[in-house]
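Subject: Structure for your review

Dear colleague,

Please find below the structure that I am handing over to you, followed by an account of what was found in it. I would be grateful if you read the account with the structure open beside it.

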Amino acid sequence: MRRHRCLVVSIPLMLCAATAVASPDVDRIFAEQDRNGDGVITQAESRAGAARDFRKLDTNGDGVLVAAEVNPRVTSSSPGGTGFPPEAQAALLDATMRLWDVNGDGRITLAEMQQTYVASLLSADHDGDGQVSREELGRFHQGVIAPPR
């Protein structure tokens, strides 16, 4: 279980580190995720954000994501949004697929994506209240992971 938690935490951090130049913008994330404007991102808001992202990525509308649908997300997370060098792009796509594809069948469902979004959210939840404040998200973007609970 500990190894799985490290994987769930390390891959989003890799993506955050890869996009640190482009968008560590906590305000932007809060504008997208904190839909009720109360200053915290809840697990419900995280699941709703995953659903919005899933719908955008599911270009063929079949209810599952495959690597070809996820690849543009990896590309857009690169500095300048033009993609990483080919080997890095492939590695980040593979890491993203492994992160979001919880059961390892090569297809990402909405439930799997929501599960990983909430796990990532909780990785920033330093005070253990099940939600994330701007301060906590800022610490997470600096590489400080909340202690396991």
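What share of the contacts in the protein with a separation of 6 or more is accounted for by residues 24 or more positions apart? The share is 55%. Please note that this is a predicted model, and that the values that follow are computed from it.

Overall architecture

The protein has seven helices and two strands. Along the sequence these elements follow the pattern α-α-β-α-α-α-α-β-α. Of its 149 residues, 43% count as buried.

The nonpolar cores

In soluble globular proteins, nonpolar side chains tend to be buried together. In the present model, the largest nonpolar core has 15 residues. Those with the most contacts inside this core are Leu-65, Val-70, Val-74, Trp-100, Ile-108 and Met-113. At least two residues of the core are supplied by each of four helices, namely H3 (43-57), H4 (67-76), H5 (86-100) and H6 (110-123). Helix H5 provides the largest share, with five residues.

Setting aside residues up to four places away in sequence, Met-113 touches Ala-50, Asp-53, Phe-54, Leu-57, Leu-65, Arg-73, Trp-100 and Ile-108.

Helix H3 against helix H6

The axes of H3 and H6 come within 8 Å and cross at roughly 135 degrees. An angle of that value makes H3 oblique to H6. The crossing is right-handed. On the H3 side, the contact is made by Gln-43, Ser-46, Arg-47, Gly-49, Ala-50, Ala-51, Asp-53, Phe-54 and Leu-57. On the H6 side, the contributors are Leu-110, Met-113, Gln-114, Tyr-117, Val-118, Leu-121 and Leu-122. Sorted by class, the residues of this contact comprise ten nonpolar, four polar and two charged.

Leaving aside neighbours within four places in sequence, Gly-49 is in contact with Gln-33 and Tyr-117. Gly-49 and Gln-114 are 65 residues apart in sequence, while their C-alpha atoms are 8.3 Å apart in space.

Helix H2 against helix H7

Helix H2 (residues 26-33) and helix H7 (residues 134-141) have axes that come within 10 Å and cross at roughly 125 degrees. The two helices are therefore oblique to each other, and their crossing is right-handed. Val-26, Asp-27, Ile-29 and Phe-30 of H2 make the contact with Arg-134, Leu-137, Gly-138 and His-141 of H7. The residues of this contact divide into four nonpolar, two polar and two charged.

A loop residue

Asp-129 is located in the loop between H6 and strand E2 (131-133). With a relative accessibility of 41%, Asp-129 counts as partly exposed, because the value lies between the 20% limit for buried and the 50% limit for exposed residues. Asp-129 and Thr-42 are separated by 87 residues in sequence, with a C-alpha to C-alpha distance of 9.4 Å.

With kind regards

Note on methods
Residues numbered from 1 in each chain as written. Predicted model: local features only at pLDDT ≥ 70, side-chain atom pairs only at ≥ 80, totals over all residues. Heavy atoms only, no water. Core = buried A, V, L, I, M, F, W, Y, C linked by side-chain atoms within 4.5 Å. Buried < 20%, exposed > 50% of the residue type's maximum accessible area, 1.4 Å probe, protein only. Contact = heavy atoms within 4.5 Å. Axes fitted to C-alpha atoms, helices over the stretch in contact; angles between N-to-C directions. Parallel < 35°, antiparallel > 145°, perpendicular 65-115°, else oblique. Left-handed = near helix turned anticlockwise from the far one by under 90°. Nonpolar A, V, L, I, M, F, W, Y, C, P; charged D, E, K, R; others polar.
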